[in-house]
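Hello,

Here is the structure I promised to pass on. Please open it first, then read the notes below.

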Amino acid sequence: MIYMIKKIFLLLCLSGCAVDLAYIEVFREGLKKNEINDLQPFLDTNLSFVKATKGKNQAIFILSDYNEGVEIWVGADNERISTYKGVIIRTSKLDHDMTVHNIEALQKNIFQDNIQLLASLSNPSVSYLNLELTLDKIITDDLDCIGKKYKYDMFISTIDFNSELLICISDAGEILSTYQRLNPFDEYIYLEYYYQYK
Amino acid sequence: MLALILCTSLSANIDLYKYPFYESPSYSNYGTLGLIQNPTARFHDQGSLGFSWSHNEPYLRGSIVAYPFNWLEASFQYTDINNRLYSYFDYFSGSQSLKDKSFDAKIRLLKESSIFPQIALGIRDFGGTGLFASEYLVASKRFGSNLDISIGLGWGNLNRNDISNPLTKISNRFEERTSEIDLGGKVNLDDFFSGTAGYFAGIEYVIPKLNGLRLKVELDGTNYLTESAEPLNQDSRVNFGIIYPVTKRFHTKLSFTRGNTVNFGFSYAISLGSKNPTNQLKRKRVSMENSDLIKTVTARSDINLYRASLLYLRQEDISLQKASLNDDNYEVVYSTAKYRSPARAAGRAIGIIDQIAPEDIKTIKVSEVNAGLGMYSAEVSREIFNRYKSNPSILEKYIRTNGFKFDEDNYKFNPAVRYPAIFNDMGPELISQIGGPDGFFFGDLKWNLDSEALLSRKISIISSLTYGLVDNMDELKLESDSVLPHVRTDIVKYLKGSRGGLSVKRLQANYYNQLGKSTFYKLSAGIFEQMYSGYGGEILYRPYEKNFGVGFELWKVFKRDFDQLFDHRDYETITGHLNLYYQEPRTNILFSLKGGRYLAEDSGITVDLSRIFRSGLKMGAFFTLTDISFEEFGEGSFDKGFYFWIPVEMFSPRYFKRTFGWGLRPITRDGGAALNYGYPLWGVTDPSSNHRFRRRLDDIYD
């Protein structure tokens with residue numbers, strides 16, 4: 001019988017990974033939220049804006065155009081979000097963009113009934129998908145919403161994608177916030193609206 | 001035809017939604033891409049790193065897998081074989097189970113097309129002890145978006161479903177396989193593809209509507225009668241498994257193998273080769289609101305411009321060293337510890353000067369220095385720089401870059417620098433030893449203080465002090481059995497000697513200078529590393545416009561005492577090498593050849609191949625052959641290893657020059673051992689490369 005005496009001297013030297021405190025700071029920075037806590041500079045501009053939150057990142061989009069109820073919000077790197085009554089109907093220069101092609105269906109039925117839309121997604125790109133918005137319930141006692149909260153179930157059958165759309169509206173009819181997910185590979189986007197001109 | 005292409009493309013894209021991550025290949029229990037036990041012909045993207053862990057009784061296996069190219073998978077496996085003792089000598093290894101390590105490689109022979117499968121050739125456990133040695137040829141073909149079929153031919157431990165070896169029709173030498181398990185390290189070419197062959201096959205199926213859950217079924221090719229240290233019982237040759245992709249990068253796996261064993265594990269793979277692989281929101285260059293006001297002030301006098309440059313460059317962590325205004329040309333010299341990319345550093349500097357300099361300045365020239373050595377100059381017309389912000393590729397024609405000899409007396413503005421300038425970093429450090437006969441894990445947690453004192457631009461002292469906090473190194477017993485001078489194999493004594501107190505890892509004084517634009521030299525003295533102090537120097541010829549370098553280094557070294565303070569042992573020698581470097585511009589592979597005399601007074605060469613990706617990730621491997629025999633070298637036969645260097649800025653919104661690295665040398669022996677001194681010239685002069693500047697020119701507007 002052969003005895004295998006293995007003098008394996010495996011020096012897995014982690015000294016090359018001496019973790020100095022600067023690295024810890026870097027990793028902490030990479031993980032922490034990129035929050036915008038001070039909105040006063042934006043309020044001082046007297047322009048309407050939305051604060052968009054996705055994951056750990058926040059960004060401000062300024063209202064740049066308004067046309068027949070469709071609002072176009074522009075970000076620091078020229079990203080654009082178009083909304084109708086708080087519902088995101090078109091984006092550009094985000095990680096995953098989407099476009100709703102039949103806005104008139106939204107204009108006709110929002111807050112009243114179920115809605116059938118036709119939408120395209122990007123990254124990866126697919127076009128003309130049937131998107132169903134089914135009104136699930138209207139919540140009036142939500143502590144996070146001073147007004148009414150409309151909860152829609154969103155379903156794209158072709159790619160078997162389920163998510164929900166929440167719209168918070170004040171008693172005066174002003175959109176306060178929305179919460180929706182545009183793409184199965186993306187996170188929910190939370191928009192908080194700060195109207196300063198109507 | 002166009003409609004057909006579009007339909008096909010859209011259909012494929014819909015499948016990306018229906019079968020999430022189906023294009024992301026999965027790992028086998030063996031630790032490389034594959035089914036359950038069998039390999040497949042799949043690869044991750046180049047620049048990817050992977051880690052896999054599986055409990056596949058009696059094996060616990062951890063694997064590190066790298067993809068330096070789209071067609072190459074290279075991996076290191078570390079296996080705990082818990083049905084076998086490390087040795088039969090209790091005094092030597094106690095009850096510790098057997099540990100095995102191995103290297104594997106797989107190359108792609110044919111890329112998959114609509115008609116042909118992807119074909120790959122692989123070798124398992126080469127350069128190791130041979131417990132898992134096998135070779136294979138495998139083909140994988142995807143049908144639709146959710147079915148992947150693989151079929152292959154194996155030799156060695158992959159010949160369970162045996163057939164006659166087809167290669168024997170070519171030569172008789174493929175008939176016999178020695179299957180010798182030895183001390184390891186050598187590559188036994190004669191055994192490759194020899195002996196009885198065997199076939200294997202399997203499928204991977206992405207189940208619809210289950211968030212990417214995959215089912216794997218295979219006809220196992222593993223010969224459990226010959227694999228590893230002890231034969232394993234196999235009740236069935238068909239294995240079943242499932243893979244659940246928690247995310248695109250992180251997979252969990254569960255399988256049932258041999259008809260009698262449940263296995264589980266996980267894997268993580270990340271692609272780090274692209275420019276911003278983790279999609280960090282990087283901090284943009286600051287746009288100055290009061291630029292016009294600043295320009296009116298700087299227009300009044302040259303000194304205003306110099307001082308404004310000093311201030312505003314400093315805000316971007318760019319340290320102005322010198323400046324000169326000559327008519328409509330403004331030149332600045334700077335150093336930076338922040339920007340890895342020379343083009344980004346230059347772009348930041350030019351962008352700031354453009355915002356503060358009066359409009360009558362037409363041309364901006366920026367030059368970077370490091371350790372008082374001129375790295376490069378970049379000169380561009382201000383109007384051109386602003387015109388092509390949306391299309392940096394056009395800028396390439398107009399920006400002039402050159403090598404640069406830093407002459408301190410040539411400038412009109414010379415901001416005073418207070419010397420010495422001292423920089424400190426501190427933090428925890430873990431020294432570890434894994435897998436030795438004395439025990440599985442030995443660690444020494446230390447507190448580390450790294451300092452750099454600049455006595456002038458060209459003279460610095462770098463130091464690294466450690467203080468031991470807690471360790472279990474006293475249980476290490478293994479003595480060196482090397483027949484060569486113990487230049488490295490007294491490692492246990494050094495590990496034990498530095499525990500529980502202060503030790504000096506490095507205390508090295510450096511003097512840098514350059515002769516002309518392309519020739520750099522350095523003189524150093526002091527404590528270079530854990531085991532050696534001494535004095536010496538190196539010289540490097542590295543022309544800016546070219547992709548090669550030639551260097552020479554010579555050191556007189558003294559072996560340090562085991563407590564790593566200021567005493568020495570009775571060994572000294574002279575070591576020196578001629579160094580050749582070539583950076584292949586298309587693939588960015590760096591070929592390094594080092595030839596000369598090593599610490600144990602053996603002579604030979606070290607070959608180092610590495611690839612640097614767009615992100616700054618560097619992965620490489622090396623081996624050393626000298627004039628000592630494999631037997632004199634001992635276990636492992638010759639020195640070899642691999643390493644990764646990952647830029648810290650990949651994981652942060654900020655920019656950093658720092659990298660963190662990890663390397664593995666399977667065995668520490670005395671042959672081919674080189675001095676490990678700080679700040680070699682090739683690294684210090686890293687920005688001094690036109691190819692490097694131009695390759696990342698799109699960073700200039702970041």
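In this predicted model, start with helices H4 and H5 of chain B: their axes come within 10 Å and cross at roughly 135°. The crossing of H4(B) past H5(B) is right-handed. Which residues meet there, in H4(B) and in H5(B)? On the H4(B) side they are B:Leu305, B:Ala308, B:Ser309, B:Tyr312 and B:Leu313. On the H5(B) side they are B:Ala349, B:Ile352 and B:Ile356.

H4(B) also meets helix H3 of chain B, residues 291-298. These two axes come within 8 Å and cross at roughly 140°. That makes H3(B) oblique to H4(B) as well. H3(B) brings B:Ile294, B:Val297 and B:Thr298 to the meeting. H4(B) brings B:Asn304, B:Leu305, B:Ala308 and B:Tyr312.

Now look at H5(B) itself. Buried means under 20% relative accessible area. By that cut-off 15 of the 15 residues of H5(B) are buried, so the helix is largely enclosed by the rest of the structure.

One residue of H5(B) to pick out is B:Arg348. Is B:Arg348 buried or exposed? Its relative accessibility is 2%, so B:Arg348 counts as buried. Setting aside neighbours within four places in sequence, its contacts include B:Arg283, B:Lys284, B:Arg285, B:Glu316 and B:Asp702. B:Tyr339, B:Tyr655 and B:Ile700 are also among them.

Next, the cores. Nonpolar side chains tend to be buried together in soluble globular proteins. The largest nonpolar core here has 52 residues. Those touching the most other members are B:Tyr330, B:Tyr334, B:Val366 and B:Phe693. Elements of chain B giving two or more residues to this core include H4, H5, strand S14 (318-326), strand S15 (329-336) and strand S16 (363-370). Which element gives the most to this core? H5(B) does, with 8 residues.

B:Tyr334 is worth a click. Leaving out neighbours within four places in sequence, B:Tyr334 contacts B:Ala345, B:Ala346 and B:Ala349, among others. B:Ile318, B:Leu320, B:Val366 and B:Tyr376 are also among its contacts. Apart from this core lies another, of 42 residues, among them A:Val70, A:Val126, A:Ile156 and A:Ile159.

Last, the backbone. Most residues other than glycine have a negative phi, and most peptide bonds are trans. Here are some exceptions to look at:

- A:Asn123 and A:Pro124 are joined by a cis peptide bond, with omega about 5°. A:Pro124 sits in the loop between strands S7 (115-121) and S8 (126-139) of chain A.
- The bond from B:Glu57 to B:Pro58 is cis too, with omega near 10°. B:Pro58 is in the loop between strands S1 (48-56) and S2 (59-69) of chain B.
- A:Asn78 is not a glycine, yet has a positive phi of about 65°. A:Asn78 lies in the loop between strands S3 (70-74) and S4 (80-84) of chain A. At 38% relative accessibility, A:Asn78 counts as partly exposed.
- A:Tyr128, in strand S8 of chain A, has a positive phi near 55°. With a relative accessible area of 55%, A:Tyr128 is exposed.

Best wishes

Key: Residues are numbered from 1 along each chain as its sequence is written. Chains are lettered from A and ligands numbered from 1 in the order in which they are written. This is a predicted model: local features need pLDDT of at least 70, side-chain atom pairs count only at pLDDT 80 or more; totals for chains, interfaces and linings use all residues. Side-chain values use heavy atoms; hydrogens and water are left out. Buried means under 20% relative accessible area, exposed over 50%, partly exposed in between (1.4 Å probe, protein chains only). Helices (H or I, at least four residues) and strands (E, at least two) are DSSP runs, numbered from the N terminus. A nonpolar core is a set of buried Ala, Val, Leu, Ile, Met, Phe, Trp, Tyr and Cys residues joined through side-chain atoms within 4.5 Å. Contact means heavy atoms within 4.5 Å. Axes are lines fitted to C-alpha atoms, for helices over the stretch in contact, and angles run from 0 to 180 degrees between N-to-C directions. A crossing is left-handed if the near helix is turned anticlockwise from the far one by less than a right angle, and right-handed if clockwise. Angles under 35 degrees count as roughly parallel, over 145 as roughly antiparallel, 65 to 115 as roughly perpendicular and the rest as oblique.
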